Amino acid sequence: MGNDDQLPKITPLAFFDDADAEDIFAKLDFQLKDGMHFQEKEHQYAQFYFLKKHTKSLEAYYQKYHKVNLSYGGEGADRYYFLDFNPGERGSIDGDHRYFLRPEYVIIGFMIHKIIYIDRNFELTSVAKLQSVILSDYEELIEDVYRLLAKLRRTNPTTMNNDKVRDIVLEALKEFKKLGWILLDEDFFDLMPSFARLNKVYGDYINNLPELIKN
């Protein structure tokens, strides 16, 4: 107990004492509030290690000043950080920065999760190939996918076709990139550890994807 009393107290603003805070925190703060997830990947190294180094202080900062949680998921090399709302609360983050994933993109995310993790297409990294797999390998579901996407887009199902599904898949990938869930560069995409958030939030739906799409 006596030794604990001698430890420096972690305060909500302690991370500002880091010499790197001025260069890193302002942009990092906006990105976290916009829904970005950070993991130990080359393009996110600086932000990830800043979050890892100052986790306790940043947890206190976001809870005290914004009423949201700095949370993390994954273990080891798959760890990722993100902001999460307290149950039943909306926090004090301005509405312009709160990110809400459109439901049609969630559906596409479900299909990507099934294709890669459940059906074990681990080598799939081409956007064009992904679009083709959704349209051809799941042909028994495609009419229901048309109907569901049309409903979510509030349009007539007869206007939905393969080209529009391809467009929605690409739109979804671009949104997942904004969240830090995937890498995306023209025709190349790769899932990041934080793509697991989809399963964390919507796992029950993913496990019953055919029934969800049909019903």
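Okay, let me start with one side chain. Glutamine 47 touches Ile24, Leu28, Gln31 and Phe38, leaving out residues up to four places away in sequence; contact here means heavy atoms within 4.5 Å. Glutamine 47 sits in helix 3, residues 45–53. Helices (H or I, at least four residues) and strands (E, at least two) are DSSP runs, numbered from the N terminus. With a relative accessibility of 17%, glutamine 47 counts as buried. For the cut-offs, buried is under 20% relative accessible area, exposed is over 50%, and partly exposed is in between, with a 1.4 Å probe and protein chains only.

Some housekeeping before I go on. This is a predicted model, so local features need pLDDT of at least 70 and side-chain atom pairs count only at pLDDT 80 or more, while totals for chains, interfaces and linings use all residues. Residues are numbered from 1 along each chain as its sequence is written, and side-chain values use heavy atoms, with hydrogens and water left out.

Now the overview. The chain has 10 helices and 5 strands. Of its 215 residues, 44% are buried. Take the contacts with a separation of 6 or more: 61% of them join residues 24 or more positions apart.

On to the cores. A nonpolar core, for us, is a set of buried Ala, Val, Leu, Ile, Met, Phe, Trp, Tyr and Cys residues joined through side-chain atoms within 4.5 Å. The largest one has 41 residues, and Ile112, Leu130, Leu173 and Phe176 have the most contacts inside it. Among the elements that each supply at least two residues to this core are helix 5 (103–118), helix 6 (127–136), helix 8 (162–178) and strand 4 (182–185). Helix 5 gives the most, with 9 residues.

So what does Leu173 touch? Leaving aside neighbours within four places in sequence, leucine 173 is in contact with Ile112, Val127, Leu130, Ile182 and Leu184. There's also a second, separate core of 18 residues, which includes Phe25, Phe38, Phe48 and Leu58.

Back to helix 5 for a moment. Helix 5 has 16 residues and spans 21 Å from first C-alpha to last, close to the 22 Å expected at 1.5 Å a residue; the expected span is 1.5 Å times one less than the number of residues. Because 13 of its 16 residues are buried, helix 5 is largely enclosed by the rest of the structure. After helix 5 comes arginine 120, with a positive phi near 65 degrees.

Okay, rings. We pair rings of Phe, Tyr and Trp (its six-membered ring) if their centres lie within 6.5 Å; planes under 30 degrees apart are stacked, over 60 edge-to-face, and the rest tilted. That rule gives 16 aromatic pairs. One of them is phenylalanine 15 with phenylalanine 25, a tilted pair at 4.7 Å centre to centre and 50 degrees between the planes. Phenylalanine 15 is in the loop between helix 1 (2–6) and helix 2 (21–33), and phenylalanine 25 is in helix 2, so the pair ties together parts 10 residues apart in sequence. Both ends are buried: phenylalanine 15 at 0% relative accessible area, phenylalanine 25 at 7%.

Then there's tyrosine 61 with tyrosine 62, an edge-to-face pair at 5.0 Å centre to centre and 85 degrees between the planes. Tyrosine 61 is buried at 11%, and tyrosine 62 is buried at 0%. Those rings belong to one aromatic cluster, made up of Phe15, Phe16, Phe25, Phe50, Tyr61, Tyr62 and Tyr65.

Last stop, the strands. Two strands pair if DSSP finds at least two bridges between them. Strand 2 (68–73) and strand 3 (80–85) pair antiparallel over 6 bridges. Which residue in strand 3 is the bridge partner of serine 71? That's phenylalanine 82. Tyrosine 80 is the bridge partner of glycine 73, and tyrosine 80 also partners glutamine 39. Strand 1 (38–39) runs antiparallel to strand 3, joined by 2 bridges.

One more in this region: the charged end of arginine 79 sits over the ring of tyrosine 72, 3.8 Å from its centre. The rule there is NZ of Lys or CZ of Arg within 6 Å of the ring centre and within 35 degrees of the ring normal. That's me done, thanks.
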